Amino acid sequence: MTRTLQIAAPDDWHLHLRDGEALYHVVAATALNFRRAIVMPNLKPPVTNAQMAVAYRSRILQALEAQCNSGQYSDEQVQAMRLFEPLMVLYLTGATTPQDIEQAVESGVVKAVKLYPAGATTNSDAGVSDLLGQCADVLDAMQHLGLPLLIHGEVTDHTVDVFDREAVFIETVLKPLRAAYPKLRVVFEHITTEQAANYVRDHATRDEQGRLLLGATITPQHLLYNRNALFKGGLQPHWYCLPVLKREPHRQALVKAATSGLPQFFLGTDSAPHAKHLKEMSCGCAGCYSAPYAMAMYAEAFEQAGALDDTSLFEKFCSLNGPAFYGLPVNPGRMELARMSCEVPASLPFVSESGIVPLRAGEVLDWTVTRLN
Ligand code: DOR
Ligand code: ZN
C-alpha cells in the first residue's frame with residue numbers, strides 16, 4: 001500500500017512572492033501547498049510601512065484570484081487556493097520610525113519586521129548597516145509591542161569569508177542585539193550552520209506570557225544539500241542562494257534541529273523566484289525557487305533522517321511550531337502527502353520567455369502532495 005502522511009495544513013514562514021507579473025506566476029504554487037505565508041518585503045521599492053503592506057497584500061490576493069479564474073485548476077484546488085492568507089512584513093530601514101511599528105501592529109496584517117543588513121542579499125541596499133546604532137527606538141517599540149524581528153543573519157564585511165558570515169553574525173550582531181533587547185522576539189531566518197542551529201536550540205527563552213523569544217526557519221535546500229551541490233559536474237546556479245549552502249556537518253546539524261520537535265524550529269522555504277536567464281548569467285541572482293515542490297522535499301529530508309516513523313515530528317516542523325511562535329491558530333485544514341513519484345518540470349511559466357527553473361528541475365521526487373483542504 002502507498003504510504004501517506006496526514007498533517008495539519010502547513011504554513012511557509014519565509015517566502016518571496018515578488019510583484020506584478022512575477023507574482024501572478026508564482027502565487028498559486030504557494031497557495032496550493034501552504035495555507036499561510038510570511039511574505040518578504042524586499043520589493044523595489046521595499047515595503048516599508050503599513051499602507052504599503054496593505055496594498056501589497058491586496059495585490060497578492062488579486063493575483064491569486066486571477067489564477068483561480070484562469071481555468072487551469074480543479075474546483076477543489078480553487079477552493080484550497082482561496083483559503084490562502086498572506087502575512088505581511090515591513091522592511092526595516094534607517095528611516096523606520098516607532099510610529100511605523102505602531103501602525104503596522106494596528107493594521108492587523110503586518111506580523112513582523114525584516115532586517116536585511118545592507119548589501120547582504122537581493123534588494124538589500126535599503127537595509128540597515130548599523131542595527132543597534134540606527135534603530136534603537138524602533139527596536140524598543142517592537143520589543144514593547146511584541147512584533148517579531150526576522151533576521152537575515154549574515155555580516156556584510158567583505159573581509160569575512162562568505163561561508164563564515166552567519167557564524168560571525170551570531171557573535172557580533174545577534175548576541176549584542178538580544179542582550180540589549182532581552183524581550184525582543186526574533187526569528188533567525190533560513191539558518192545554514194551548526195552554530196546557528198545550536199544557538200537557537202540553546203537560547204530560545206520565553207517571555208512572561210510563555211511566548212518563545214527566539215525561533216528559526218530552515219529551507220528545504222539547506223536540509224538536503226551541502227555546498228558540493230553548487231559545483232557538481234560544473235557550476236550549478238540553481239543551487240545558489242543566500243546564505244549559501246555550507247559543509248556537510250552543518251547540513252546534518254540543521255536536519256537534527258528540524259527533526260528535533262523543538263518548538264523554536266519551523267518551516268520557511270525562502271522560495272525566491274528569479275527568471276532562468278537571470279540565474280544562468282555571468283553574475284547570477286541568489287535564490288532557489290522551491291515553492292511548488294517544497295513539501296515533497298521536506299518529507300524527503302525527514303524520511304532520510306528516519307524521522308517519519310510517526311508524523312508528529314514532521315507536523316510540528318511544518319504546521320504546529322510556526323503558528324505557536326506567531327501566536328496564531330493551527331490551520332483547521334489538512335494536508336496529505338503520498339509516497340508517490342513526482343517529476344519536477346525543467347521549467348515553469350514566468351515573466352520572461354525563458355521561464356523559471358524550479359529547485360530539483362528534471363528530477364523525480366519520492367513524495368507528492370495529494371490533498372490540501
Ligand atoms: O537567496 C536569496 N534570495 N536570499 C535572500 O536573502 C533573498 C532572496 C531573494 O529575494 O531573491
Ligand atoms: Zn528570503
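User: How many nonpolar, polar and charged residues are in the shell around ligand 1?
Analyst: This is a predicted model. In it, the shell around ligand 1 has 4 nonpolar, 7 polar and 2 charged residues.

User: Which of the 13 residues come nearest?
Analyst: Arg18, Asn42, Thr121, Leu242 and His274 come nearest to ligand 1.

User: How far is the polar side-chain atom of Asn42 from an oxygen atom of the ligand?
Analyst: That distance is 2.8 Å for Asn42 and ligand 1. His152 also places a polar side-chain atom by an oxygen atom of ligand 1, at 3.2 Å. For His16, an N or O atom of the side chain is 3.3 Å from an oxygen atom of the ligand.

User: What share of ligand 1's accessible area does the protein cover?
Analyst: On its own, ligand 1 has 290 Å² of accessible area, and the protein covers 100% of that.

User: And where does ligand 1 sit?
Analyst: Ligand 1 sits in the largest cavity.

User: Switching to the metal. Which residues coordinate the zinc ion?
Analyst: The zinc ion, ligand 2, is coordinated at 2.1 Å by His14 through NE2, His16 through NE2 and Asp270 through OD.

User: How are the donor residues spaced in sequence?
Analyst: The spacing is H-x1-H-x253-D. His14 and Asp270 are 256 residues apart, so to speak of the chain, this pair links distant parts of it. His14 is in strand 2 (residues 12-15), while Asp270 is in the loop between strand 9 (265-267) and helix 11 (276-279).

User: New topic: the backbone. Which peptide bonds are cis?
Analyst: One joins Lys44 and Pro45, with omega about -5°. Another runs from Leu242 to Pro243, with omega near -5°. Most peptide bonds are trans.

User: Where are those two prolines?
Analyst: Pro45 is in the loop between strand 3 (36-39) and helix 2 (50-68). Pro243 lies in the loop between helix 9 (220-224) and helix 10 (248-258). Leu242, the partner of Pro243 in the cis bond, is also among the residues that come nearest to ligand 1.

User: What is the phi of His190?
Analyst: His190 has a positive phi of about 30°, although it is not a glycine. Most residues other than glycine have a negative phi. His190 is in the loop between strand 7 (186-188) and helix 8 (194-203).

Terms used
Residues are numbered from 1 along each chain as its sequence is written. Chains are lettered from A and ligands numbered from 1 in the order in which they are written. This is a predicted model: local features need pLDDT of at least 70, side-chain atom pairs count only at pLDDT 80 or more; totals for chains, interfaces and linings use all residues. Side-chain values use heavy atoms; hydrogens and water are left out. A residue is near a molecule or strand if one of its heavy atoms lies within 4 Å of it. A polar contact is a pair of N or O atoms within 3.5 Å; within protein, one must be able to donate a hydrogen and the other to accept it, and residues adjacent in sequence count only if both atoms are side-chain atoms. Accessible areas come from the Shrake-Rupley method with a 1.4 Å probe; for residues, only the protein chains shown count as cover. On a 1 Å grid over the protein atoms alone, a cavity is a set of points where a 1.4 Å probe fits but cannot get out, and a pocket is an open set with protein on both sides within 12 Å along at least five of seven lines; lining residues have an atom within 4 Å of a point. A molecule sits in a cavity or pocket if more than half of its atoms lie within 2 Å of its grid points. Ala, Val, Leu, Ile, Met, Phe, Trp, Tyr, Cys and Pro count as nonpolar, Asp, Glu, Lys and Arg as charged, and the others, Gly among them, as polar. Donors are N, O and S atoms within 2.8 Å of the metal (3.2 Å for Na, K and Ca); water is not among the atoms, so sites may look incomplete. Helices (H or I, at least four residues) and strands (E, at least two) are DSSP runs, numbered from the N terminus.
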